[in-house]
Amino acid sequence: MQQVVLGNEVPSASIALGCMRMAGLELQQAERMIHTALEEGIDLFDHADIYGGGRSESVFGEVLKQNPGLRDKMLIQGKCGIRKGFYDASAEHILASVDQSLQRLGVETLDILLLHRPDALFEPEEIAEAFRTLHQAGKVRYFGVSNFNSGQIQLLKKFVDQRLIVNQLQFSLVHTALIDSGMNVNIRYDHGRDYTGHTLEYCRLQEITIQAWSPFQYGMIEGVFLENPKYEKLNRQIRLLAEQKGVSDSAVAVAWIIRHPARMQTIVGTMNEERLRSICAAAKVSLTRQEWYSLYLAAGNPLP
Ligand SMILES: NC(=O)c1ccc[n+]([C@@H]2O[C@H](COP(=O)([O-])OP(=O)(O)OC[C@H]3O[C@@H](n4cnc5c(N)ncnc54)[C@H](OP(=O)(O)O)[C@@H]3O)[C@@H](O)[C@H]2O)c1
């Protein structure tokens, strides 16, 4: 498996397993999924307090309990800050949420904690205090954010003692807002509009690793674009490259993300072992510039 170095500090595999959909699994299925991921070289497992109302963390914790030694073979990443109907980055909520996650997971430390979404009411000093408390207590090793823009990260960085090593953002062949405006500078049409505050460039400059979430979904996780008639042209091009390279369509979709020089980590959410194995073949696929752009164009994007 290809490696990335999160925030230029924490080595990890270029593909990670998102556990948002683990809540629906029985203990043995979850156990097989986690073992398959580790066998394939995946070492980071992405959680959030809200996944399955806490059930994703609970079932994962149960697997760890049944398999002594397993915890030391992985990085566990948690997220907090989304509550039912509102966002909450108050110190009180961050501290309480981490305690509950640790309890459900049955571990003493989260390797990485991310703020799940920017809370419009966030007070950077308060977040800094919460992070300091968690770090000093040994409850969290590293920190990061998710769905933050460059300005919001800068504001947070002014107060937080620890480095922010990750920004988790939606990015895929059908969700390319992070890169579109960079290829359409000074042009007055939608692709020239910057929707992100140049977050990709900012994260690269600051050595904050982007984790790409939902690599196969279109919209806000509405459905999968692979084999979807809405994306016929894109799927034709994906299939062509998949056949040439002897891998699955899913592997090509992930290889496209991995090819980007920002060295993103892709967070895949399948709960199917065979599919996960086929996706991990992406780490062995190399796409030429021309192949990479052919997929971008087939997704319906213009180049000026
Ligand atoms: N920070 C955020 O705001 C945020 C938001 C959303 C998600 N996330 C993270 O990102 C992770 C991944 O999200 P996701 O699950 O939406 O991502 P995904 O990997 O794009 O989607 C996985 C889902 O697509 C299904 N699927 C159907 N056909 C597929 C194919 N050919 N290839 C791959 N998958 C196929 C999978 O079903 P099977 O299980 O049957 O394979 C699974 O239900 C989450 O687990 C979570 O950790 C973060």
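Me: What makes the crossing of α3 and α4 right-handed or left-handed?
Reply: In this predicted model, α3 passes α4 in a right-handed crossing. The name is used because the near helix is turned clockwise from the far one by less than a right angle.

Me: And why are α3 and α4 called roughly parallel?
Reply: Look at the axes of helix α3 (residues 91–105) and helix α4 (residues 124–136): they cross at roughly 30°. Angles under 35 degrees count as roughly parallel, so α3 and α4 get that label. Their axes also come within 8 Å.

Me: Which residues make the contact between α3 and α4?
Reply: From α3 you have Ala91, Ile94, Leu95 and Val98. From α4 come Glu126, Ile127, Glu129, Ala130, Thr133 and Leu134. Sorted by class, that's 7 nonpolar, 1 polar and 2 charged residues.

Me: What do the strands close into, and in which order?
Reply: A barrel: 8 strands, in the order β3-β4-β5-β8-β9-β10-β11-β14, with parallel pairing. Neighbouring strands are turned by 30° against each other on average, direction ignored.

Me: Where does α3 lie on the strands?
Reply: Across β5 (75–80), β8 and β9, at about 140° to β5. Helix α9 (residues 249–258) packs on the sheet too, touching β3, β11 and β14.

Definitions and conventions. Residues numbered from 1 in each chain as written. Predicted model: local features only at pLDDT ≥ 70, side-chain atom pairs only at ≥ 80, totals over all residues. Axes fitted to C-alpha atoms, helices over the stretch in contact; angles between N-to-C directions. Helix = DSSP H or I, 4+ residues; strand = E, 2+ residues; numbered from the N terminus. Parallel < 35°, antiparallel > 145°, perpendicular 65-115°, else oblique. Contact = placed C-beta atoms within 7 Å. Nonpolar A, V, L, I, M, F, W, Y, C, P; charged D, E, K, R; others polar. Pairing = 2+ DSSP bridges.
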